[in-house]
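Dear colleague,

Please find the structure below, handed over for your records. The findings follow directly after it.

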Amino acid sequence: MLFTHRAEAGERLAEALRHLKGEDPVVLGLPRGGVPVAYRVARALGAPLDVVVVRKLGVPHHRELGFGAIGEGGVRVVSEDIVRSSRLGPQDIASVEHAEAAELARQAARFRGDRPRVPLDGRTVIVVDDGIATGATAAAACEVVRAQGAARVVLAVPVAPPDAVARLGSAADEVVCLATPHAFRAVGEWYQDFSQTPDEEVVFLLARAAADPAGRPPVRAVEVEVDAGGTVLVGDLALPEGAGAVVVFAHGSGSGRRSPRNRSVAADLNRAGLATLLLDLLTPDEEADRANVFDIETLARRLAGATAWLRRREFLPTGWFGASTGAAAALWAAGETGADIGAVVSRGGRPDLAGERLAAVRAPTLLIVGGRDSTVLDLNRRAQRELRCENRLEIVPGATHLFEEPGALDEVARLAGDWFTRHLVPQ
C-alpha cells in the first residue's frame, strides 16, 4: 500500500511538483477521483484549481477503443487513422459526439456551477488524476488542454504502470509519477482508502478553491532543527510575509509533522497570514516505545522548550494547536505557572489527559471534536467542565475522529484560524 487516501497522495505529489511553482501554473483535476488529489496540489503551489472535463469518443461497436475526445469550449480531438480503420461514417461520428457532448455539458455544469473555466492560454497546466491504468483518458485530457491553449502540459499522478507512463510521454511535455510498480493491476490496490469520490465532494473542493482569497502572502518554508530544552527535534517552519502570529503544532499518537491532516490545517493558517511550526515532540527512537506517546509531561516540556526556541528567533504572539495526546501536552504546558501562550486549539484531542492542570490553564481554549467521535466527544465535555479560562467546544457534524469526511478538515481549519486570529493577532 503506497497511499493512505487521495488527500495524502496529493500532499506527496505536490512535493514532487514544487519546481513548477515559479511558472504560475493552473491545476486541473480529472473528475471525480483526481480532484481531491489536485486540490492538495493546487493549495501547495498557490495555483488556481479547475476540472478538465473530457469525454472519450468510443467506436460504437468497440466502446473501449477511442477514436477521439471532446472537451469544453468546442475542443475536438479525433484520430483519423482509427476512424478509417474502424470504418466510421459521418453519421456514426456525429451520433457518438452528440451523446458525449450532452454528458460533458452536464458534468461541467454540475461540478463548476456558474463559475467560468479558468483560462489556459499561454499557461503551464498540470493535469492531475489519482492514478493511471491504461492512460487513455489522461492522454485525451492532455490533448484537450493543449487544444484549449496551454503552452506547457504536465501530467501528474501518484501511481501508474511503467508502460503507461512511457506512452504518455508523447502526450505531455512532462510526466510526474511518484510510483511505477511493475506488479500493477488496478489503481485502487495502491490506496488504503480508495472509496468512490462523490460528485458532492468535487463540487465542494472546487468551490473551496475558488473562494480562497486572491493575493495570498508569499510563504517562506524552511526545515529547522529545534532545541527543545536539550533535545534536538526536526521541524517545518512556514513564515508568511507579514505574519501576525505563529502557531506551534503538537502532534500526538498516530500523527506527526508529515501528517496530511495537520499539514492541511497548517496550510490554511498560512493563507490566513499565520506562521506555523510543525515538529515531532519525540525522536524516532523514542517513538518506537509506545509508552512515550502518552508521557504527557515530557511532551509538554518539549513543546514549551520548542516555543522558547522559536520566540528567540521569531518574536510573535504564539498559539498551540494540539491533536490527540498533543492536545493534552499543550494544555499541560499552558497550565504551567508563568506560561505565556496566547491561545490553544485541540483537534480530536485528549484534553482529559492533562488532568488537574486543566484548571490552571489561562489561555483561551477551543476544543474541536467530530460529531461521530462519541468517546472522544464525551472526554472533551468532561475536560471542558474543568477549564476555568475562556473556552468553547465546537462539534463538526458528521465527522469521525480523523475528520476525513468531505469538508470536515476544512471546517477544522476555519474554526482554528478564526480562534487564533481573534486571540493572537492585534486588531
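**Aromatic residues and nearby charges**

Tyr 191 is buried (under 20% relative accessible area, with exposed over 50% and partly exposed in between; 1.4 Å probe, protein chains only), because its relative accessible area is 3%. Please note that this is a predicted model, in which local features need pLDDT of at least 70 and side-chain atom pairs count only at pLDDT 80 or more, while totals for chains, interfaces and linings use all residues. Residues are numbered from 1 along each chain as its sequence is written, and side-chain values use heavy atoms, with hydrogens and water left out.

Rings of Phe, Tyr and Trp (its six-membered ring) pair if their centres lie within 6.5 Å; planes under 30 degrees apart count as stacked, over 60 as edge-to-face and the rest as tilted. By this rule there are 4 aromatic pairs. In one of them, the ring centres of Tyr 191 and Phe 194 are 5.1 Å apart and the planes stand at 35°, so the pair counts as tilted. Phe 194 is partly exposed, because its relative accessible area is 31%. Ring pairs join Phe 3, Tyr 191 and Phe 194 in a cluster.

Phe 194 also has a charge over its ring: the charged end of Arg 6 sits 4.3 Å from the ring centre. The criterion is NZ of Lys or CZ of Arg within 6 Å of the ring centre and within 35 degrees of the ring normal. Arg 422 likewise lies over the face of Trp 419, 5.6 Å from the ring centre.

**Thr 4**

Thr 4 lies in the segment before α1 (6-16); helices (H or I, at least four residues) and strands (E, at least two) are DSSP runs, numbered from the N terminus. Thr 4 counts as partly exposed because its relative accessibility is 31%. Leaving aside neighbours within four places in sequence, Thr 4 is in contact (heavy atoms within 4.5 Å) with Gln 192 and Asp 193.

**Arg 347**

Arg 347 belongs to strand β14 (residues 343-347). Although buried, Arg 347 has no salt bridge, which would require a side-chain nitrogen of Lys or Arg within 4 Å of a carboxyl oxygen of Asp or Glu. The nearest side chain of opposite charge is that of Asp 373, 8.3 Å away; Lys and Arg count as positive and Asp and Glu as negative, with His and the chain ends not counted. Not counting residues up to four places away in sequence, Arg 347 touches several residues, including Arg 261, Phe 321 and His 401.
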